[in-house]
Amino acid sequence: MEATLSSSFTTSSFRSSVFLRSSASSSSIDAPRSVAYNNPKRFYGSLRAVASVEPSSDHMVSLDLSVSPRVNAVKPSKTMAITDQATALVQAGVPVIRLAAGEPDFDTPAVIAEAGINAIREGYTRYTPNAGTLELRKAICRKLEEENGLTYKPDEILVSNGAKQCIMQAVLGVCWPGDEVIIPAPFWVSYPEMARLADATPVVIPTDILDNFLLKPKDLASKLNEKSRLLILCSPSNPTGSVYHQELLEEIADIVRKHPRLLVLSDEIYEHIIYPPAKHTSFASLPGMWERTLTVNGFSKAFAMTGWRLGYLACPKHFVTACGKIQSQSTSGASSISQKAGLAALGMGYAGGEAVATMVKAFQERRDFLVKSFKELDGVKISEPKGAFYLFVDLSSYYGTEVEGFGIINNSESLCRFLLDKAQVALVPGDAFGDDKCIRISYAASLATLQDAVSNIKEALLSLRRPIPV
């Protein structure tokens, strides 16, 4: 049997003819989202995927292979897809320089690793409470008070399997179907998709590189209405490295106060990776914002603990309870071993102590190298990152170029494909983050690796003859 599936599905190896049918007419898998969300019964009733299996006998068996319209509405993560593609090329022997993933190249500090190893040796390998161990939640409370000026109790903390899970649960926990989630662009790729999974509508507000990709209060005010439920802020930002200074956050808070339903999700996962004179301000520390703010943080970035999968949510108890319900019916509590390691991380000193400071110093050196290098290229626009470990650079002046044997470079995705092919450097196209003029470069790699990557990128870009503006 042979199988073919419309849209983005791939051909399977078993012999069946897979196709889509509507009770009224044929339909593609990408049925309008408005039908799925506004009239789900009609959508479920009319859209189905059928596999016609033809065994040796003459009879036919029809199987319903449809998936949820909620899932069909979600785009896969381009950062994950490009990372996987680059990894596959490396495994095939192609010397690709991977600058797509947001993963520090440093080892987890030894004191943290030892805490995890000791947890295993001491048999600390069983389930923990769903919300996390009491000792870790108490330590998180101390951290938030000492470093962020925030006062929480342990029952206002939820420990999860990474900050990403915390964000997903927060969006699910507070949004009603039809609510709007306000997302400044460029944004982390998962924010809009999480909103869609919650049956909410992502409302994207573009920002400008000339404003360092920071949200203008007047633009925020113009988008708010009675459906506005959640504003997502990420500072320091992925993908831009921008940092919201306190004065700007206070202006945003003034607008938030005027909307009783509006909450704020403050993604602070990069808070310790910040370059002087920039300073981090927790949104919940602003007057009147504690009750409205769901603060997300974790251990992956600053402590080089990506694989440990450990994050936390801090917010008023009723929100923690709601998010805890979701967690209890999905993953349950985070790894007991990781929680012991997280406890050790919080014991390393203010802002992670010397170990984190050493990493941040290296990140800043890499940032300075990249900024200087790309400024040497004609037609490139840059907003210097103030934190995180990403450079979001505008290379749109190269769009419109036709390359023999490749085709026309007309957007960020085609440019990234060209650079992967010509320079053998894996980068993430800006359209994944809501800004097609730019590409994201992760400098969570050694300086020597970055030097090789920049040399390759420059050579590839210089081989292009940029279109002459008319």
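This briefing covers the pockets and cavities of one protein, with a short account of its overall build. The model is predicted. The largest pocket holds about 580 Å³ of space, and the largest cavity has a volume of about 140 Å³.

**Overall build**
- The protein has 15 helices and 18 strands.
- Of its 470 residues, 50% are buried.
- Among contacts with a separation of 6 or more, 70% are between residues 24 or more positions apart.
- The accessible surface comes to about 22,000 Å², and carbon and sulfur atoms account for 52% of that area.

**Largest pocket**
- Domain 1 (74–103 + 354–463) and domain 2 (110–352) each give residues to the lining of the largest pocket, so the pocket lies between them.
- The lining of this pocket consists of 27 residues, and those nearest its centre are Gly102, Lys164, Trp188, Lys301 and Arg309.
- Helix H4 (78–91), helix H7 (163–174) and helix H8 (190–197) are the elements that give two or more residues to this lining.
- By class, the pocket lining has 12 nonpolar, 9 polar and 6 charged residues.

**Cavities**
- The whole structure contains 3 cavities of 30 Å³ or more.
- The largest cavity is lined by 16 residues, with Pro184, Pro186, Cys234, Ser237 and Tyr244 closest to its centre.
- Two or more lining residues come from each of strand E6 (180–185) and strand E8 (228–234).
- The lining of the largest cavity has 11 nonpolar and 5 polar residues, and no charged ones.

Definitions and conventions. Residues numbered from 1 in each chain as written. Predicted model: local features only at pLDDT ≥ 70, side-chain atom pairs only at ≥ 80, totals over all residues. Heavy atoms only, no water. 1 Å grid on protein atoms, 1.4 Å probe; cavity = no way out; pocket = protein on both sides within 12 Å on 5 of 7 lines; lining within 4 Å. Points joined across faces, edges and corners; volume = space filled by probe spheres on them. Helix = DSSP H or I, 4+ residues; strand = E, 2+ residues; numbered from the N terminus. Nonpolar A, V, L, I, M, F, W, Y, C, P; charged D, E, K, R; others polar. Buried < 20%, exposed > 50% of the residue type's maximum accessible area, 1.4 Å probe, protein only. Contact = heavy atoms within 4.5 Å. Areas by Shrake-Rupley, 256 points an atom, 1.4 Å probe, with all protein chains shown as cover. Domains from an automatic or database assignment.
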